[in-house]
Amino acid sequence: MTMFNRFMFGGDWNPEQWPEDTWEHDIRLLERAHINEATINVFSWALLQPDEHTYDFSMLDRIVDLLVRHGFAIVLATGTAAIPAWMARDYPQVMRTGIDGTHQVFGGRHNFCPTSPDFRRFARALASRVAERYAGTPGLEAWHVNNEYGNGGGYCYCDLCAQAFRGWLERKYGSVEELNRAWCMNFWSHTIHDWNEIVPPVTYGDAISTDKCVISGLQVDYRRFQNEQMLDCFRLERDAIREHDAHTPVTTNLMGVFKDLDYYSWGREMDVVSWDNYPGMDTEPSFTAMCHDLMRGVGGGKPFMLMEQTPNQQNWFPYCKVKKPGEVAELSWQAVAHGADTVQFFQLKQSIGGCERFHGAVIGHDNSERSRTYREVRELGADLERRAPALMGSCVHGQVAVIFDWENYWSLEGCVGPTQGLHYPDEVHRFYRPFWRRNVPVDMVESTVDLATLKQYRAVVAPTLIMVKPGVAQTLAQYVREGGTLITGYMSGIHNEFDLVVEGGYPGPLRELCGVWVEEIDAIAPDAHIDVAIGGRTVRGSIVASIIEPEGAQTIATYGGSDFYAGTPAATVHTVGEGRVVFIGTALDAEGMSAVIDPVIDACGAETVDSPEGVEVMRRTADDGTVFTTVINTAGRPVHWRHALGGESLDLAPFETRIM
Ligand code: GLA
Ligand code: ZN
């Protein structure tokens, strides 16, 4: 089931940045590019509310009228993502305080304190007025609350947040003794005797950096707390909208593997997940695929919205490469193949002022239909118009579950030692890629997912599952005993939910299940690697090497090199009940991961399609059973595929998409 009345092809439009007599011209240009949707009002607070007591919707009325007259779909933002000057001046507490204690003044965006009662009051009031005024507008397809919560400025560390955090901790732990225990506070004389002694993890206090903190339990709890505060802000606006509009889906745009928010908790509050896809110069197509799967997972498997992507360059990377001919279409179809029911851009018209003026847009600074970007968008629009509506509402059914868990993200990157080389999304991707290479559809899940859900999958993959929350080890063990396959490895099974080490040797609560004891974890220098022998081949491990003593598991790969642990197991497999557990001790390169995981894919009975390098095959299944198979050449070169899906050969142009 899709949420929308049409396949939306459009994106952010900021007509308030131009003279009104240019609007019609721009709309006509957009229409000719098959654009049928505009996302508006994302950053208009200062225009809508020139002072505390005055609202002025006259310009927004005219923008909405114009779009309605042209039959556009509208995604209407509440406009609360950047604080107007008067509010920063008259209510300074609405502004965020950074991790270094800097209290922001007027400027920037995404700059509010999520705890501030004044921010909450003003944001709710604006959302409510916008909803009251525009509910029922023809073509209104979705509400877009705020924008990219958390992006840019990080969490807030102000006194209001500190005070609320103390209350949050008191409710969670009950007594300071419990808190002292849970956070191991006798370390470095951190023991507290009163709730008021708690200080947020600031860089002039306990934080070592934005990722690491002297007391890691403090950091993880502060992240949980800030996540809840921001989610409260979302709920507040959502509920204000609901008072005026009972049905139109409400969303806010997420950011893939963005660290600071536990998006699963957000997905549960949103009618439809939307997200902004901005791959960089060297982002692998498999990484983008994983992000789409993650966003689909956050939304409970339902189709999602590709709320933003750029039709050409970004402006905010240090070096912003232009997209190659065909690449925007490829990225768009890849999103659709993974479950997107919309394709939207940031933005429809390129700004002439502000720091985003070098960001790609459908209508560029040339203001014409001649640019390569415009022409490619037009071609893509025509193609989507023809082929995409049929796919709307259909679902991707993963055969394998890969765990992506935000608290694990925080816990792993919060470690001080044994290496600073571990970045959680990259490690999850390392385990994801072998499945992508063989076109095994993957669902991303949280670590606390229940047994019934896990049992739908041929295999469950738990990369760097460092924090094992209550019940997780038992569920995984049951899944394996009943015939499931679990793949896990280095840096797993170390912490409990308080970020304290579980005593009794790594991988702690997973030790018996994995049939190994990881006695030591060696760090490998950034420019070095360790050889690993597997099935007569030599592949490479990096970042860390777990020094493993098998306790019932069989060795399937061994370390080479000349270190004292050369010849010991680098990867193992353990049979438990009807199932088995694969433990990978080091961050293997792509070839090494495939060497370990390919035989597991074959043995667990997942369906595979062996396509040429860079060619991705995905399936979406409609309610009536129709299966749409997309074949995408993610590479910028032509590919000849002998014996493709139907047995015939297939010639794919660079970045071409076929749908069968
Ligand atoms: C984000 C924001 C947009 C815009 C784009 C530019 O995704 O939501 O407002 O700044 O980045 O890439
Ligand atoms: Zn604050």
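1. At roughly what angle do the axes of helix α10 and helix α11 cross, and within what distance do they come? Keep in mind as you look that this is a predicted model. Take α10 as residues 285–298 and α11 as residues 327–337: their axes cross at roughly 40° and come within 9 Å. That angle is why α10 counts as oblique to α11. As for handedness, the crossing of α10 and α11 is right-handed.

2. Now click on the side chains in that pair. On the α10 side you'll find Pro-285, Thr-288, Ala-289 and His-292, and they meet Leu-331, Gln-334 and Ala-335 of α11. Sorted by class, the residues of this α10 and α11 contact come out as 4 nonpolar and 3 polar, with no charged ones.

3. Next, look at α10 against helix α14, which covers residues 424–437. The axes of α10 and α14 come within 9 Å and cross at roughly 100°. Angles of 65 to 115 degrees count as roughly perpendicular, so α10 is roughly perpendicular to α14.

4. Which residues of α10 meet α14? They are Pro-285, Ser-286, Phe-287, Ala-289, Met-290 and Asp-293. Their partners in α14 are Pro-425, Asp-426, Val-428, His-429, Tyr-432, Arg-433 and Trp-436. By class, the contact of α10 with α14 has 8 nonpolar, 2 polar and 3 charged residues.

5. Zoom out to the domains. The assignment for the protein chain gives domain 1 as 8–150 + 245–390, domain 2 as 400–604 and domain 3 as 615–659. The C-alpha centres of domain 1 and domain 2 lie 37 Å apart. Their contact takes 22 residues from domain 1 and 17 residues from domain 2.

6. How much area is buried between domain 1 and domain 2? It's about 1,700 Å², and carbon and sulfur atoms give 60% of it. On the domain 1 side, Lys-259, Tyr-264 and Met-290 supply 36% of the area buried against domain 2, more than any other three residues.

7. Most residues other than glycine have a negative phi, and most peptide bonds are trans. The bond from Phe-346 to Gln-347 is cis, with omega near -5°, and Gln-347 is in the loop between β9 (340–346) and α12 (372–387). Tyr-506 and Pro-507 are also joined by a cis peptide bond, with omega about -5°; find Pro-507 in the loop between β13 (485–489) and α17 (511–514).

8. One more for your list is His-34: this residue is not a glycine, yet has a positive phi of about 70°. Look for His-34 in the loop between α1 (23–32) and β2 (37–40).

Conventions: Residues numbered from 1 in each chain as written. Chains lettered and ligands numbered in written order. Predicted model: local features only at pLDDT ≥ 70, side-chain atom pairs only at ≥ 80, totals over all residues. Heavy atoms only, no water. Axes fitted to C-alpha atoms, helices over the stretch in contact; angles between N-to-C directions. Helix = DSSP H or I, 4+ residues; strand = E, 2+ residues; numbered from the N terminus. Parallel < 35°, antiparallel > 145°, perpendicular 65-115°, else oblique. Left-handed = near helix turned anticlockwise from the far one by under 90°. Contact = heavy atoms within 4.5 Å. Nonpolar A, V, L, I, M, F, W, Y, C, P; charged D, E, K, R; others polar. Domains from an automatic or database assignment. Buried area = accessible area lost by both parts, 1.4 Å probe.
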